[in-house]
Amino acid sequence: MTTTSQITGASSGLGTEYARQLARRGDHLVLVARDSGRLEALVALLQRAGAEDVEVLSADLSSMDGITTVTDRLMDTARPVDTLINSAGFGLPLAFEKNDIEDEVRHLRLHDEVPMRLMHAVLPGMLARRSGAILTISSVSAVTPRSTYAASKAWLVMFSRWANSYYGPRGVTVTAVCPGYTHTEFHERLGLAKGEEGIPDWLWLDAPRVVEESLRDVSRGRAVSVPSKRYKAIYNAARFAPTGLMAKLAARGR
C-alpha cells in the first residue's frame, strides 16, 4: 500500500529534501507551498527522477484561507494522509525590539499556530487507523535562548514530547526535528550570503543527512530527533548550561 506524505514548505530547504527522499521510497506526495511556480519546478524535478505520484497544493499558510486549504486536504477521509511534515518557516533578525511586530506575529503563527492546526486536523484520521507519523521542523535552538525563533521552536519540542507519549501507544508517532545550522536557503532569505552567517564550517550540516536521520528516528518512534553526534552533544549540554552563557553563544551566528 502506498504511503501518502504531505509536506508544507515543500518548495525550498528541508521541505524539498523531504520530497526528494520520500519520492525515492515511493510515497504519494502532497506538496504545499505558496510559490506555485517553484512547486511546479519541483514536481518536474521529481518526475525526471522517476516520481509518478505527486499532488500540489498552492497555499499561503499566513492566511486562514491557505490554512483551510491544507486542513481540508488533511481531513479528506477518502484520501488519507499517513505522514505530515511541517517544514514551512522563516527567520527574523535577533533584535526583537527593532522588528516589525506584525512580522513577529506572522512568524509565531507560521511556526506554532499553523503546525498546531494541521496536527489537529490530521490526528483524528490517524488515530482511527491506528497509524501515522507527524514530523515538525524545530531546531537545536529550542534549547538555547535566541529571541523569538528559539521560543517558537521550544513550543514544538515540548508539544511533540507530550504528543508522542500520548498518541504513540495508539499508533501515531509525533517527532520534533531539531537540526543545527543546515545548508538551505534559510540564511539567504535573511539577506546573508553564504560565508557571511558567522558560523564555523564544522557546525554546518547538509540537508540530505538531516532528513535521512530524522526519518530513521521517526521509524524508531522518537519524540525528538537531533541529527549528528555533535549537535546531540550541543543539545544535551545546552539544556543544563547557564542561560546567560548560552545566550551569548547563540548570538554569535545569524
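Two strands pair if DSSP finds at least two bridges between them; helices (H or I, at least four residues) and strands (E, at least two) are DSSP runs numbered from the N terminus. On that basis, strand β1 (residues 4-8) runs parallel to β2 and is joined to it by five bridges. This is a predicted model in which local features need pLDDT of at least 70 and side-chain atom pairs count only at pLDDT 80 or more, while totals for chains, interfaces and linings use all residues. Residues are numbered from 1 along each chain as its sequence is written, and side-chain values use heavy atoms, with hydrogens and water left out.

**Overall**
- The protein contains nine strands and eight helices.
- Buried residues (under 20% relative accessible area, with exposed over 50% and partly exposed in between; 1.4 Å probe, protein chains only) make up 49% of the 254 in the protein.
- Of the contacts (heavy atoms within 4.5 Å) with a separation of 6 or more, 68% are between residues 24 or more positions apart.

**Sheet**
- An open sheet of seven strands has the order β3-β2-β1-β4-β5-β6-β9, with parallel pairing.
- Its edge strands, each pairing on one side only, are β3 (54-58) and β9 (224-225).
- Ser5 has Leu29 of β2 as its bridge partner.
- Five bridges also link β2 and β3 in the parallel sense, and Ala33 has Ser58 of β3 as its bridge partner.

**Nonpolar cores**
- A nonpolar core is a set of buried Ala, Val, Leu, Ile, Met, Phe, Trp, Tyr and Cys residues joined through side-chain atoms within 4.5 Å.
- The largest one has 40 residues, of which Ile7, Tyr18, Leu29, Leu31 and Leu46 touch the most other members.
- Elements giving two or more residues to this core include α1 (13-24), β2 (28-33) and α2 (36-48).
- Leaving aside residues up to four places away in sequence, Leu31 touches residues including Ile7, Leu39, Leu46, Glu55 and Leu57.
- A second, separate core has 26 residues, among them Leu74, Ile134, Ala163 and Tyr167.

**Second largest pocket**
- A pocket is an open set of points on a 1 Å grid over the protein atoms alone where a 1.4 Å probe fits, with protein on both sides within 12 Å along at least five of seven lines; lining residues have an atom within 4 Å of a point.
- The second largest pocket holds about 210 Å³ of space, the volume being the space filled by probe spheres set on the points, which are joined across faces, edges and corners.
- Its lining has 14 residues, and Thr3, Arg25, Thr83, Ala133 and Val218 lie nearest the centre.
- β4 (83-86), β5 (132-137) and α6 (207-219) each give two or more residues to that lining.
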